[in-house]
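Reader: I would like to learn how to read the features of a model such as this one, beginning with the general idea each time and then turning to the case at hand.

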Amino acid sequence: MIEFRNFSLTYPTGSRPALREIDLVVPRGQICAVVGAEGAGKTTLAGVISGVVPHMTGGDPTGSARVGGRLLAKTQPSELVGEVGLVMQNPFNQLSGARFSLREELAFGLENLGVNRAEMIRRVEAVMADLGLTALASLSPYEISGGQQQLLAIGSALVMRPAVMVLDEPTSQLDAVGAGLVFDTLETLRARGVTVVLFEHRLERPARYADRVLVLGEGRIVADGPPTDVLTDPRLAEWGVAPLRYTTAARRAAERGLWEADRPLPVTLEAAADGFAAALKSARTAGGL
Ligand SMILES: Nc1ncnc2c1ncn2[C@@H]1O[C@H](COP(=O)(O)OP(=O)(O)OP(=O)(O)O)[C@@H](O)[C@H]1O
């Protein structure tokens, strides 16, 4: 579980706080997506949860932030290995540089933790199968594509079986198939009780997979709720987040009386298609078409 109480953070060179008065509880097994404009504080929040900020960046925190009951201000990032898995935007930066093959790279963190060999092999093989990496097992992490490196970075976090996974734009370099594998994996993690915090620019995936969406605006949580509420909020654009095309199309239809009054605005393509089909049907029934 993640628990922030009135948490604020100002970087040493910052003129204003990067995070302000964050009150947040993310329970076990929840997929929580965080969206927001550039500079809203997403990477900072990811860094605080994973122990990187302020320990490695500097910064002055106030209030409290806990992961799994540990007070992050008093916990070094190395103590969080195994507790929090962090996947950053650029997978290249996450390669250990010390291993010759994907299989060895995936085993690297487990070796450092002293996990026994049989268990290590079991976990590495399972993660490679889940992420479609088995055929690449003997290749160098440096000779695979950026998308495959992104899957490798996710795999390197997954093998550690952390209680919390923090994913900063985890599918930015992946095609639809690769992104699908990652999001299927997130569903498995939810079922296992892993807490997932997902930072995304694009809203399609949070709309479909997240239990909850937070919007950050200038370091504050400005909205927090189920995707169907938050992503249809008319203030989304004011917060610097472009609404989904389906939601905008349905809102325009609603303004012209072409969307059923009691039907929520859609955040997925399927819900939009159902809504427009229902609107067409009622227009036909009414003899309008
Ligand atoms: N290491 C740092 N030192 C000083 N200021 C920083 C540092 N990192 C981020 N900031 C500032 O803190 C604020 C929040 O930045 P952050 O990177 O967390 O936002 P973000 O929502 O992740 O933005 P983006 O979508 O562009 O990645 C910004 O004003 C940024 O300039």
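Author: Let us begin with secondary structure, where helices (H or I, at least four residues) and strands (E, at least two) are DSSP runs that are numbered from the N terminus. In this predicted model, local features need pLDDT of at least 70 and side-chain atom pairs count only at pLDDT 80 or more, while totals for chains, interfaces and linings use all residues. Residues are numbered from 1 along each chain, as its sequence is written. On that basis the protein chain has 9 helices and 10 strands.

Reader: What radius of gyration does the protein chain have, and what would a compact globule have?

Author: The radius of gyration is taken over C-alpha atoms, and the globule rule is 2.2 Å times the number of residues to the power 0.38. With 289 residues, a compact globule would have a radius near 19 Å, and the protein chain has 21 Å, which agrees. The C-alpha trace spans about 70 × 45 × 30 Å along its principal axes.

Reader: Which residues have the most contacts inside the largest nonpolar core?

Author: A nonpolar core is a set of buried Ala, Val, Leu, Ile, Met, Phe, Trp, Tyr and Cys residues joined through C-beta atoms within 7 Å, where buried means that 20 or more other C-beta atoms lie within 10 Å of a residue's own. The largest such core has 78 residues, and those with the most contacts inside it are C32, V34, I49, V166 and V196. Helix 4 (residues 146-158) gives the most to this core, with 6 residues. Domain 1 and domain 2 both give residues to this core, so it lies between them.

Reader: Which residues does V166 touch?

Author: Leaving aside residues up to four places away in sequence, V166 touches A46, I49, S50, V84, G85, L86 and V197.

Technical notes:
Buried ≥ 20, exposed ≤ 12 C-beta atoms within 10 Å, placed from the backbone. Domains from an automatic or database assignment. Contact = placed C-beta atoms within 7 Å.
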